[in-house]
Amino acid sequence: MVVRENYENKLQELKDKIIEMNRLTVSSFEKAFTAFKTQDIELALKVIEEDTAIDNLEAEINQFVVWLMVKEQPVARDLRGIIGALKISSDIERIADFAVNIAKSTIKIGNSKSLLSMTNIEEMKEISIIMLQKAVQAFLDENMMLAKEVASLDDQVDEYYGETYKRITSYLSEHPEETNQLVQLLFINRYLERTADHITNIAESAAYLIKGRIYDLNS
């Protein structure tokens, strides 16, 4: 029993690392978007600088997973959970990279008069944060209903992405003088769409843990 208890403690330690990585990534995303909305270059630079902590935590999780698999040789559900944590840490790291990319776009836009209001970018960001919290919780709680909710929200992000793309490209054809900012808005629109895709991957990792098979939530 003591051996199993120690093993359970190690699994919880792995989950705690995922929770911390997710917390840092949500914080990075919020800061990046605040910098973008307020055109705060200093805050954008801070987002880029702080990304190292998230990268380091992903590397720590990778090493911890390798150690856990070699030492404990997990099987069945435990193995799925450990593999899921490994995949999720990779997806969270990519999401944090998109926060950095938004910060970089903010710097490139500079102090130009913001055209954010013509887009659905703010709505996409809000949905993405909700998705990320639900997806990670679905994994931690093994909650299939939460995982399916993530897929539904992903459809909303895809809709907003398409609408925003059309608006920006249409406006660009009439206002070529705004090319720099509009191109960066197109990039941010894409970053958020890809963010939602990676969050859906996290929900699918949760579904894999729960169902024991590869699960396509978009099918």
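Helix α2 has a kink of about 25°, and the kink is centred on E50. That's one detail of a predicted model whose protein has six helices and zero strands. Reading from the N terminus, the order of elements is simply α-α-α-α-α-α. The C-alpha trace covers about 70 × 35 × 20 Å along the principal axes, and 47% of the 219 residues count as buried.

**Helix α2, end to end**

- Helix α2 takes in residues 41–72, which makes 32 residues. At 1.5 Å a residue that should give a span of 46 Å, and the end C-alpha atoms sit 47 Å apart, so the two values agree.
- Keep the kink of about 25° at E50 in mind when you look at that span.
- What caps the N-terminal end of α2? It's D40, with a side-chain oxygen 3.2 Å from the backbone nitrogen of E42.
- Past the other end comes Q73, which follows α2 and has a positive phi, near 45°.
- The buried residues of α2 are L43, A44, V47, D51, I54, L57, E58, I61, F64, V65 and L68.
- Q63 and L86 are 23 residues apart along the chain, and their C-alpha atoms are separated by 9.8 Å.

**Helix α3 and how α2 packs on it**

- Helix α3 covers residues 76–109. It has 34 residues and reaches 50 Å from first C-alpha to last, close to the 50 Å expected at 1.5 Å a residue.
- G110 comes after α3, and its phi is positive too, near 65°.
- The α2 and α3 axes are 9 Å apart, and the packing angle is about 165°. An angle over 145 degrees counts as roughly antiparallel, so that's the label for this pair.
- As for handedness, α2 passes α3 in a left-handed crossing.

- Helix α4 (residues 121–141) has 21 residues, and its first and last C-alpha atoms are 30 Å apart, close to the 30 Å expected at 1.5 Å a residue.
- How do α4 and α5 cross? Their axes come within 9 Å and cross at roughly 160°, which makes α4 and α5 roughly antiparallel to each other. The crossing of α4 past α5 is left-handed.
- Helix α5 runs over residues 144–174 and packs against α6 at an angle of about 165°, with the axes 9 Å apart. So α5 and α6 are also roughly antiparallel to each other.
- Here again the crossing is left-handed, with α5 passing α6.

**A buried histidine and its partner**

- H198 lies in helix α6, which spans residues 179–211.
- Is H198 buried or exposed? Buried: its relative accessibility is 10%, and the cut-off is under 20%.
- The side chain of H198 makes a polar contact of 2.8 Å with the side chain of D91.

**Positive phi in the loops**

- Q39 sits in the loop between α1 (2–38) and α2. Its phi is near 55°, a positive value in a residue other than glycine.
- Q39 counts as partly exposed, at 21% relative accessibility.
- E142 follows α4 and is found in the loop between α4 and α5. Its phi is near 55°, again positive in a residue other than glycine.
- At 32% relative accessibility, E142 counts as partly exposed as well.

How values were computed: Residues are numbered from 1 along each chain as its sequence is written. This is a predicted model: local features need pLDDT of at least 70, side-chain atom pairs count only at pLDDT 80 or more; totals for chains, interfaces and linings use all residues. Side-chain values use heavy atoms; hydrogens and water are left out. Helices (H or I, at least four residues) and strands (E, at least two) are DSSP runs, numbered from the N terminus. The expected span of a helix is 1.5 Å times one less than its number of residues. The bend at a residue is the angle between axes fitted to the seven residues ending there and the seven starting there. Buried means under 20% relative accessible area, exposed over 50%, partly exposed in between (1.4 Å probe, protein chains only). A polar contact is a pair of N or O atoms within 3.5 Å; within protein, one must be able to donate a hydrogen and the other to accept it, and residues adjacent in sequence count only if both atoms are side-chain atoms. Axes are lines fitted to C-alpha atoms, for helices over the stretch in contact, and angles run from 0 to 180 degrees between N-to-C directions. Angles under 35 degrees count as roughly parallel, over 145 as roughly antiparallel, 65 to 115 as roughly perpendicular and the rest as oblique. A crossing is left-handed if the near helix is turned anticlockwise from the far one by less than a right angle, and right-handed if clockwise.
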